[in-house]
Amino acid sequence: MNFQQLRIIRETVRQNYNLTDASAALFTSQSGVSKHIKDLEDELGVQLFIRKGKRLLGLTEPGQSLLGIVERMLVDADNIKRLADDFNKVDEGTLTIATTHTQARYVLPTVVSAFKQRFPKVHLVLQQASPIEIAEMLLHGEADIGIATESLASEDNLASVPFYQWQHSIITPLNHPLAALTEVTLKDIAAYPIITYHGGFTGRSKIDQAFEDAALDVDLVMSALDADVIKTYVELGIGVGIVNE
């Protein structure tokens, strides 16, 4: 068993079991890919792929179990290389951060500025993605750090550390009936159309859960990624906005 065989298993799955595409992605021949797969199956004594003739259709049960181990081993191998680079070049290298648009736009600028002042030779890569995509990038070794408000803490194979807390607030036009209330309840808010974040972003699951726990139906007329976009449509009178403070 060797790392090339493991890379071939992973890439074959990523390329939807197309050996031509897998071999192209790994810069090797299709016959070489097929041989590596057969050699590994012979060594393990199990069939890893479901076949129809020469075509691969999917993973067998042993193949599915193996894939998770393969993913972790290859990520760990990359981490070992990064570790060596970190010790050889303490204040150099590349740091890839996967984060959402909201974090990149509103939270990280001051942090990134301070980081660059302290480590000017480090090349910083900021990848914007959804929380689910961020988790996948971390699991596949495509990012070093992930910053998001959703999904990361629920992933068993990731270590999650609280970074900061925020609260949601409502925004309305100045002449809106809610603006005249001294205390606003969820029931008051649910009486109006609502504009808030896309599902999976910026604490949206907490918003949904709050209304669900209160047994309130919500008229969600619009969702967006950015608080500024939400504010724009609130100003137009389309709905009440729920945004982060």
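**Figure 1. Thr28 and its contacts in the predicted model.** Leaving aside residues up to four places away in sequence, Thr28 touches Ser23 and Val33. The model shown here and in the other views is a predicted one. Thr28 sits in the loop that joins helix H2 (19-25) to helix H3 (30-44), and its relative accessibility of 33% places Thr28 among the partly exposed residues. Between Thr28 and Leu108 there are 40 Å in space, taken from C-alpha to C-alpha, and the two residues are 80 residues apart in sequence.

Figure 2. Most residues other than glycine have a negative phi. Tyr17, although not a glycine, has a positive phi of about 65°, and its place is in the loop between helix H1 (3-14) and H2. Phe27 is likewise not a glycine and has a positive phi, here of about 55°, and Phe27 belongs to the loop between H2 and H3. Are these residues buried or exposed? Tyr17 has a relative accessible area of 18% and is therefore buried, the limit being under 20%, whereas Phe27, with a relative accessible area of 77%, is exposed because the value is over 50%. For the segment made up of residues 1-59, an unreviewed UniProt entry lists "domain: HTH lysR-type".

**Figure 3. Helix H5 and its bend at Leu108.** Helix H5, which runs over residues 101-118 and has 18 residues, reaches 24 Å from its first C-alpha to its last, close to the 26 Å expected at 1.5 Å a residue. At Leu108 the helix H5 bends by about 70°, and a proline, Pro109, follows within four residues. The buried residues in H5 include Thr102, Gln103, Ala104, Val107 and Leu108, and what covers the buried residues of H5 includes strand E3 (93-99), strand E4 (122-128) and strand E5 (145-147).

Figure 4. Gln103 is found in helix H5, and Gln103 counts as buried because its relative accessibility is 1%. Which residues does Gln103 touch, not counting residues up to four places away in sequence? The contacts of Gln103 are with Leu108, Pro109, Ile147, Thr149, Tyr164 and Trp166; among them, Leu108 is the residue at which H5 bends.

**Figure 5. The interface between domain 2 and domain 3.** The chain is divided into domain 1 (3-69), domain 2 (89-147) and domain 3 (168-244). The C-alpha centres of domain 2 and domain 3 lie 30 Å apart, and in the contact between these two domains 8 residues of domain 2 meet 7 residues of domain 3. The size of an interface is often given as the accessible area lost when the parts come together. Between domain 2 and domain 3 the buried area is about 530 Å², and carbon and sulfur atoms give 50% of this area. Of the area that domain 2 buries against domain 3, His101, Thr102 and Tyr106 supply 64%, which is more than any other three residues.

**Figure 6. Helix H6, with Glu133 and Met137.** Both Glu133 and Met137 lie in helix H6, whose residues are 131-139. Glu133 has a relative accessible area of 45% and is therefore partly exposed, while Met137, at 13% relative accessibility, counts as buried. The C-alpha atoms of Glu133 and Thr99 are separated by 9.3 Å, although these residues are 34 residues apart along the chain. Met137 and Gln127, which are 10 residues apart in sequence, have 9.6 Å between their C-alpha atoms. When residues up to four places away in sequence are not counted, Met137 touches Ala98, Gln127, Ala129, Glu142 and Ala143.

**Figure 7. Thr196 and the residues around it in strand E7.** Thr196 is found in strand E7, which spans residues 194-197, and Thr196 is buried, its relative accessible area being 2%. Apart from residues up to four places away in sequence, Thr196 touches Arg204, Ile207, Leu220, Met222, Ser223, Ala224, Ile230 and Ile242.

Definitions and conventions
Residues numbered from 1 in each chain as written. Predicted model: local features only at pLDDT ≥ 70, side-chain atom pairs only at ≥ 80, totals over all residues. Heavy atoms only, no water. Helix = DSSP H or I, 4+ residues; strand = E, 2+ residues; numbered from the N terminus. Expected span 1.5 Å × (residues − 1). Bend = angle between axes of the 7 residues up to and from the residue. Buried < 20%, exposed > 50% of the residue type's maximum accessible area, 1.4 Å probe, protein only. Contact = heavy atoms within 4.5 Å. UniProt positions renumbered as here; feature names shortened; annotations may be inferred. Domains from an automatic or database assignment. Buried area = accessible area lost by both parts, 1.4 Å probe.
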